[in-house]
Amino acid sequence: MLLAGVIIVGLITWPPQPPEASSAPVAATAPPAAVDNSAVILIYHHFGKDSVPSTNIRLAQFDDQLDYLAENDFHVWSLSQLVTAFQNQTPIPDKTVVFTVDDAWISVYQEAIPRFKARGWPMTVFVNTDAIDQGYRSSMTWEQMREVQGDGIEFANHSRSHDPLIRRTDESDQAWRKRVREEVSGAQQRLQAELGAETNQTQLLSYPYGEFPKPSPIWSKKWAMWALPKIPARQPPFRLTRLMRFPMSEAFADMEAFKQKVHAVVLPVENIDPFDPVIRDNPPHLTLSFTEPPGRNIQCFNPQGDRLQQQWLNDTTLEIWDENPIPPPRSRYACTQPTQDGRWRWFSHSWVVPKAASSGLQDD
Ligand SMILES: [Zn+2]
């Protein structure tokens, strides 16, 4: 989650480490083979722009990924299709993958969209509209978006300026609410003005840098998006406001890692405490609540791949924390659990370290 284009890049190690064999659960508590009604959401930025490896996918890698999905009978959905299915509680087939792209760089138009058009696959592109309005040569143009939209190629909201949407330390509550309204509503207005009134009716929003604000009245419940690989059948309300996505830059995109990610299933966390990603005590403690005992072979990691401390408070409640303070500007805790059929369950929670100098400046 991170910058001028980015997102979470660099913050995930996947899978961080294999769980220890000694912690394997007994059969009665082993997780099921798979989870129904879930999907994997991938996020990309640049295609074939090899000078920015932290946010780029090489074209040969990308072609291999698309071939793999096609040859292994995956379903490729748009994000609006997925969210709509979730809201309507209609079934989502196993092996469903959603491609999202943030920032609308020109390589999306030049490389990614032609490949998807040729395959008849959908794609969801999140647009920070000020960059388009300013006519940067590195970005798509409105005209190009009008040319390719439809047939599953859809454009959605990535705010106007791409500034982080969490409240700044020097910002009053009133000023913050006004700023977020202008960022989100302003971008939506530009999208609809340029691409048509039907644009982004699902109200998908990709939070710049993946920094999602604490829920507040300024947010419609419909404003969904952010990042997440799986949506369980019984979707806790918080999930639709913070969908997790797997970053697909070069560093995370070798074929074995890609296969693991697209076969991943959600770790069915029912609730988290705290919800707010802005850290108050550092290192933060995070409590995960499960609807039923998930088995105790869950292992959690920081982005460096170090094991987190973890303590089961009871069969359905797990507390995790890092031994050391989290460095700014942002980080995450990720938990994994192997399934009986060789897949992985996965859960991730993002943190934002509230230092004035830490907001936003690092991604590409
Ligand atoms: Zn972005």
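I began at Gln299, whose bridge partner in β15 is Thr336. My numbering runs from 1 along each chain as its sequence is written. I am reading a predicted model, in which local features need pLDDT of at least 70, side-chain atom pairs count only at pLDDT 80 or more, and totals for chains, interfaces and linings use all residues.

**Around β15.** Strands here are DSSP runs (E, at least two residues), numbered from the N terminus. I found β12 (residues 299-301) running antiparallel to β15, with three bridges joining them. Two strands pair if DSSP finds at least two bridges between them. β15 also pairs with β16 (residues 344-352), again antiparallel, over nine bridges. One partner in β16 I noted is Trp351, which bridges to Ser331. Five residues separate the strands in the β15 and β16 hairpin, where Gly342 has a positive phi near 85°.

**Buried or exposed?** I call a residue buried if 20 or more other C-beta atoms lie within 10 Å of its own, with C-beta atoms placed from the backbone. β15 (residues 330-338) is largely enclosed by the rest of the structure, because nine of its nine residues are buried. Arg330, Arg332, Ala334, Thr336 and Pro338 point one way, while Ser331, Tyr333, Cys335 and Gln337 point the other.

**The core.** Next I looked up the largest nonpolar core, which has 75 residues. Such a core is a set of buried Ala, Val, Leu, Ile, Met, Phe, Trp, Tyr and Cys residues joined through C-beta atoms within 7 Å. Leu42, Val97, Val98, Val108 and Met123 touch the most other members. Strand β1 (residues 40-44) gives this core its largest share, five residues.

Key: A residue is buried if 20 or more other C-beta atoms lie within 10 Å of its own, exposed if 12 or fewer, and partly exposed in between; C-beta atoms are placed from the backbone. Helices (H or I, at least four residues) and strands (E, at least two) are DSSP runs, numbered from the N terminus.
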